[in-house]
Amino acid sequence: MTPTTALVPSRPARTPAAAGLAASAAAVDGGVLSNADLAAWLEDRRRAQAQRVERIAFAELDGWAFDDLTGDLRHRSGRFFSVHGLRVSSDFGPVPAWEQPIINQPEIGILGIALRDFDGVPHLLMQAKSEPGNVNGVQLSPTVQATKSNYTRVHGGSEVPYLGCFRRPEPGSVVADVLQSEQGSWFLRKRNRNMVVTVGPDVEAGEDFAWLTLGQVNALLHEENLVNMDARTVLSCLPDWQAQAVESMHPDADIRSWITRRRAEHEVRVTAIGLAQTSGWNVGDTEVTHERGQHFSIVAVDVASARREVRAWTQPLLKPHGTGLAALFVRRVHGVPHVLLRARAEPGFVSVVELGPTLQCAPENYAHLPAGLRPAYLDEVLARRADAVYDVKLSEEGGRFLHGQIHYVIIELDDDLPVLSEEFRWVSLRQVDELLRYDHHLNVQARTLIAAWRSL
């Protein structure tokens, strides 16, 4: 949907310097955009960043090839990422053992948002960025969104703008700096450095960048496929300065002990195997697919873009099958908002367990299982979804996933929902804010939902 002025209404802010961050910019000045100018800028960037993305056969990939011995899909430089097989055994979920392809990208990238004061109003420097896997081309991205291979220019392309603000931040300028995971079912131990850094008046907005208030960004979080996954995860790491030291349902020490216990008691064993030896998956000329057509495929694309560090390239992408569903139940305990989080064990997590939303699944992947093995709370989410306070379809990371989308849903309860097992806990928003200051506690889907909750 093409943004209009109406897409960026004034909203009460929940987050830092509440009134100031929610205020609209008064004029176009040095990259600061009013609401009307923001809509026009996004449309202009869509036209300027038009790109062509076409599916191709694996044999047409330039610089990528299947290994003769293992069948793994790798780049000739040995950098970027590879796709190999993974053998998994786990006590989490209805399936105790399986094999699957997985993306292995051991580098730690940088996802950074610059923060600057304009006449007493803090603004975020956001980028209009096209990705080959995006459903709609341009989405709103962080100031810097780059893997190590990209910012060290393995591809031979141009420099990443504003990178120095994050690789060499000024003393006292760091607002947030934490390592966070990405999708643990699709990436093997993938992490990015999520940063927010204050900058001075010498940092101006380039052609594909604009200074926006948090209120403007929060409003755009309510539009389909507009604020990308990387921006959402960094936004979630912004400290919530309005979080108060109110009493939570469970003491902080109990929440920390619960997380540690789930990490100690859950078992996830993973072994890297050759892609060609991955049971249940077929490697064809144009895609790697599951024998039942479920889960996802690995495909190849040819990309041409006039506004990227490299103008044309080919690459593999993971193509999810179906649209995911990630839902968060919220209830107030003595007036204090709490969210129902689940301790999830996913094969790609560094720490075995991270906290995910109440519900996280692709419903169609469970169609072949008995009713008793449906994900916990799926039926409750579907029954209550009409009353959701947030229900928006958002894209997953377009640099690695082709048209990956999830319906993100927040449902505020007025009743006492039973906690089904030890995997679930009610956690206050103040406790969530504290957990987000440290590595690997909330997964990427939960972080999107926390950013969405703060936008209401």
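User: Where does Asp119 lie in this structure?

Analyst: Happy to start there! In this predicted model, Asp119 has a phi near 50°, a positive value in a residue other than glycine. Most residues other than glycine have a negative phi. As for its place, Asp119 sits in the loop between strand 6 (108–118) and strand 7 (121–130).

User: Is Asp119 buried or exposed?

Analyst: A residue counts as exposed when its relative accessible area is over 50%. Asp119 has a relative accessible area of 82%, so Asp119 is exposed.

User: And Phe80, is that residue buried or exposed?

Analyst: Phe80 also has a positive phi, of about 60°, although it is not a glycine. Its place is in the loop between strand 3 (73–75) and strand 4 (82–90). Buried means under 20% relative accessible area. Phe80 has 13%, so Phe80 is buried.

User: Which residue meets Glu107 in a salt bridge?

Analyst: Good one to look for on the structure. Side chains of opposite charge can pair when their charged atoms come close. Here the N to O distance is 3.1 Å, and the partner of Glu107 is Arg79.

User: How many residues apart in sequence are the parts that this pair, Glu107 and Arg79, ties together?

Analyst: Glu107 is in the loop between strand 5 (97–104) and strand 6, while Arg79 is in the loop between strand 3 and strand 4. Glu107 is buried at 12% relative accessible area, whereas Arg79 is partly exposed at 30%. Because the two residues lie in those two loops, the pair ties together parts whose separation in sequence is 28 residues.

User: Which residue forms a salt bridge with Glu396?

Analyst: Start from the loop between strand 22 (390–395) and strand 23 (405–412), where Glu396 lies; its partner is in helix 6 (residues 229–236), so the pair ties together parts that are 164 residues apart in sequence. The closest N and O atoms are 3.3 Å apart, and the partner is Arg232.

User: Which residues have the most contacts inside the largest nonpolar core?

Analyst: In soluble globular proteins, nonpolar side chains tend to be buried together. The largest nonpolar core in this model has 59 residues, and helix 10 (residues 444–454) gives the most to this core, with 6 residues.

How values were computed: Residues numbered from 1 in each chain as written. Predicted model: local features only at pLDDT ≥ 70, side-chain atom pairs only at ≥ 80, totals over all residues. Heavy atoms only, no water. Core = buried A, V, L, I, M, F, W, Y, C linked by side-chain atoms within 4.5 Å. Buried < 20%, exposed > 50% of the residue type's maximum accessible area, 1.4 Å probe, protein only. Helix = DSSP H or I, 4+ residues; strand = E, 2+ residues; numbered from the N terminus. Salt bridge = Lys/Arg side-chain N within 4 Å of Asp/Glu carboxyl O.
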